[in-house]
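Let's take a friendly walk through this structure together. Keep the 3D view open as you read.

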Amino acid sequence: MTALTEETTSSPAAVVGALRRVFASGQTRDHAWRDAQLAGLGRLLSERGDDLVAALAADLRRTEFESIMFDLVSITPEIKHARNKLKRWMMPRRVSVPLNVKPGKAWYTYEPLGVVMVIGAWNYPVNLTFMPLIAALAAGNCVVVKPSEVASHTSAALAELLPLYVDPEAVVVVEGGAEVTLDLIDQNLDHVFFTGSPTVGSAIMAAASKHLTPVTLELGGKCPVIVTESARLDVAARRIAFGKLANSGQTCVAPDYVMVDRKVRDEFVPLLVKTLEEFSEGRRLPIVNQRHAARIEALVASAGGQVVTGGDVDVENASAPITVVLDPAPGSAIMAEEIFGPVLPVVTVEGLDDAIGRVNAGTKPLASYLFTQDRSDEERSLAGFSAGATVINHVMMHMAVHDLPFGGVGTSGTGRYHGHWGFETFSHAKAILRQQTRIDPRLMYPPYSPRFQKMVRKQL
């Protein structure tokens, strides 16, 4: 095995070449090695979590508690879950064989893919790097970690800390911008995992396609909330406000817009506005940078409709109050683009069928949220449109369930992870068939007898 020195990490080709040699040694395949890497990630969080929180504050201007709650706290349970289940995940699975294969035996086993890349995201730069990294290491891969350059302080912290807690020969952090990412993809990797926008995801897929490199794309989209006339309006207001305010709305599964039944709109909207204002405590919410703040300002300015609260985006200081826009123009940019910020359009609909039709008129969302007390509403919504996930009477909480697959559909993403789903994403399910040699009937070989041909035709 060759350690990754400053010289060997001077280029993407050198990084990937060194990792390929490590993977070829077989050291990453053993359960003990995989478990040790997961344990190391857990120690990093417990021993150096304060360093990560400080980096998140510098990048995203979050409070300490917000960083812990929204970026760090869900990682440790995912590590524990993977460690508890890893031996079971690695076990071969027997399958039955048809009569014409008997007395053969068939099974499949999960093999690591090889050298994979995890491309992190700026909005949750620790969580959305660690979560796929947990899956990649549990599956026994060598990993190139490419943090988001937008969250530069967190990127630097990960580059410093990860080699201290996981095998530095098998996990390498490479910092840099888009050119570095594309150069790494050009090294014919075994898998690329990307979290980010559909626009950048398209570029990642295009670059990977040159080598037929498989990709997992965790993207986003306009995640709708439907509030029906039977909904508990006070509960809906609290839970929608919680989801929208998390990380200033800069979350791929944040409620992007709310569709509320006309029968309860006039009762619901004041509840929602009051709750948002109470939860945000009247403070301006930080936006990641001036470029994104200018984008948010333009979305509000061109929205049409009625600004019920907020609306004053401070581009220079990259901040904005929570903003609610009631019934924006249907063709406005705010109803066409993912908002990814502290702005929430509320659209009046004439019932559930109207809401379902509006969702189907757009792209398939990463998540959808339905507030109702009527089971028939649930059934109609679940059957009415496609989404990466649906949560009933809450928002975003599906991400906390280890055994639920997390991923998009259509333009909101391809592939899935969390728990065993992530282990499968970074593994190859290798099919194996063993045949005995003691019995080898002649009728199975050409030239085929009329009797055998008749037997085969009967199977049609």
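## A walk through the loops and bridges

Asn-188 sits in the loop between helix H7 (178–185) and strand S6 (191–195). Keep in mind that you are looking at a predicted model. For background, most residues other than glycine have a negative phi, and most peptide bonds are trans. With a relative accessible area of 39%, Asn-188 is partly exposed.

Now turn to His-418, another residue other than glycine with a positive phi, here near 85°. You will find His-418 in the loop between strand S17 (413–414) and helix H14 (419–425). Is His-418 buried or exposed? His-418 is buried, because its relative accessible area of 4% falls under the 20% cut-off.

The backbone has other points to visit. Lys-102 and Pro-103 are joined by a cis peptide bond, with omega about 10°. Pro-103 belongs to the loop between strand S1 (93–95) and strand S2 (105–112). A cis peptide bond also connects Pro-446 and Pro-447, where omega is about -5°. Pro-447 is placed in the loop between S18 and H15.

Stay with that loop for a moment. Met-444 also lies between strand S18 (427–434) and helix H15 (450–457). Together with Leu-443, Tyr-445 and Met-455, Met-444 makes a nonpolar surface patch of about 360 Å². Met-444 itself is partly exposed, at 40% relative accessibility.

Next come the charged side chains. Side chains of opposite charge can pair when their charged atoms come close. How many salt bridges does the model have? The count comes to 20 salt bridges, taking a side-chain nitrogen of Lys or Arg within 4 Å of a carboxyl oxygen of Asp or Glu.

One of them pairs the side chains of Asp-35 and Arg-83, at 2.9 Å from N to O. Asp-35 is buried, with a relative accessible area of 18%, whereas Arg-83 is partly exposed at 34%.

Lys-222 and Asp-256 form a salt bridge too, and their closest N and O atoms are 2.4 Å apart. This pair links distant parts of the chain, 34 residues apart. Lys-222 is in the loop between strand S7 (215–218) and strand S8 (224–227), while Asp-256 is in the loop between helix H9 (233–245) and strand S9 (257–261). Both Lys-222 and Asp-256 are buried.

Look next at Asp-327 and Arg-265, a salt bridge in which the closest N and O atoms are 3.6 Å apart. Asp-327 lies in the loop between strand S13 (323–326) and strand S14 (343–349) and Arg-265 in helix H10 (residues 262–280), so parts 62 residues apart in sequence are tied together by the pair. Here Asp-327 is partly exposed, with a relative accessible area of 29%, and Arg-265 is buried, with 18%.

To end the walk, find Arg-48, Asp-51 and Glu-160, which are linked in a network of salt bridges.

Key. Residues numbered from 1 in each chain as written. Predicted model: local features only at pLDDT ≥ 70, side-chain atom pairs only at ≥ 80, totals over all residues. Heavy atoms only, no water. Buried < 20%, exposed > 50% of the residue type's maximum accessible area, 1.4 Å probe, protein only. Helix = DSSP H or I, 4+ residues; strand = E, 2+ residues; numbered from the N terminus. Patch = residues over 30% accessible without salt bridge, like charges linked within 9 Å, V, L, I, M, F, W, Y side chains within 5 Å. Areas by Shrake-Rupley, 256 points an atom, 1.4 Å probe, with all protein chains shown as cover.
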